[in-house]
Amino acid sequence: MKSTSLAGPGRPKDLAKRQAILDAAKSLFIRNGYIQTSMDAVAAEAGVSKLTVYSHFVDKETLFSCAVVARCEEEVPELFVDVPMDAPVEKVLLGIARGFQTLINSPESIDLNRLIITLGPQASSLTQVFFEAGPQRVLHELERFLGKLSGKNGLHFESPLNAAGHFLSLIKGVHHFRLLIGTGEIADEQTADHHAREVVTLFLKAYRV
């Protein structure tokens, strides 16, 4: 009975420490980069011991991977949840375009992308974790959605996957690249909305038969 009573309070503390470590890691990796962030620094930022960090994450690579997945899960919105298939396709695609544009151009997303780019091919296993948790997830969700649309509303997608890639690439455009390299500013609401509408119009023209 004694051990049972101790187990209850202990579990929330462990989960709280794990979350504190993840929060610290997400902040430090973005702020200082992968190489310059040590497990000691993460422990200090999280307010736990270095031993506690290693008890939750066996090494720095594992911690980074978990932090990236956690960040992607926070940032990638549920763009395709409860999408009404009977709604006008233009309206649905415009909603997806607006949501995706807001996501990728947010300061948090730009910072994360810059961090991943600095790792490059020298840490392909880590960059692959990011790709699967973020970009690939959105791509496949849109692929599934377009697959359901094919044959309806005069639309035909020979390859829903390719069509999804075209749509997302159009949303990114040159503006997203300029944000990544620090030569652009986040677009105002009117400009962003005009871009989203223009992309939807071009996309539908390309895939309507």
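1. Read from the N terminus, the elements of the protein chain run α-α-α-α-α-α-α-α-α-α. That amounts to 10 helices and zero strands, where helices (H or I, at least four residues) and strands (E, at least two) are DSSP runs numbered from the N terminus.

2. A friendly word on the basis: this is a predicted model, in which local features need pLDDT of at least 70, side-chain atom pairs count only at pLDDT 80 or more, and totals for chains, interfaces and linings use all residues. Residues are numbered from 1 along each chain as its sequence is written, and side-chain values use heavy atoms, leaving out hydrogens and water.

3. Along its principal axes, the C-alpha trace spans about 70 × 50 × 30 Å. Of the 209 residues, 40% count as buried (under 20% relative accessible area, with a 1.4 Å probe and protein chains only).

4. The UniProt record, an unreviewed entry, lists "domain: HTH tetR-type" for residues 15-75; such annotations may be inferred rather than shown by experiment. In the model this span is 80% helix and 0% strand, and its end C-alpha atoms lie 21 Å apart.

5. Do have a look at helix 9 (residues 160-180) and helix 10 (residues 189-207), whose axes come within 9 Å and cross at roughly 150°. Helix 9 is therefore roughly antiparallel to helix 10 (angles over 145 degrees count as such; axes are lines fitted to C-alpha atoms over the stretch in contact, and angles run from 0 to 180 degrees between N-to-C directions).

6. The contact residues divide into eight nonpolar, three polar and no charged (Ala, Val, Leu, Ile, Met, Phe, Trp, Tyr, Cys and Pro count as nonpolar, Asp, Glu, Lys and Arg as charged, and the others, Gly among them, as polar).

Note on methods: Parallel < 35°, antiparallel > 145°, perpendicular 65-115°, else oblique. Buried < 20%, exposed > 50% of the residue type's maximum accessible area, 1.4 Å probe, protein only.
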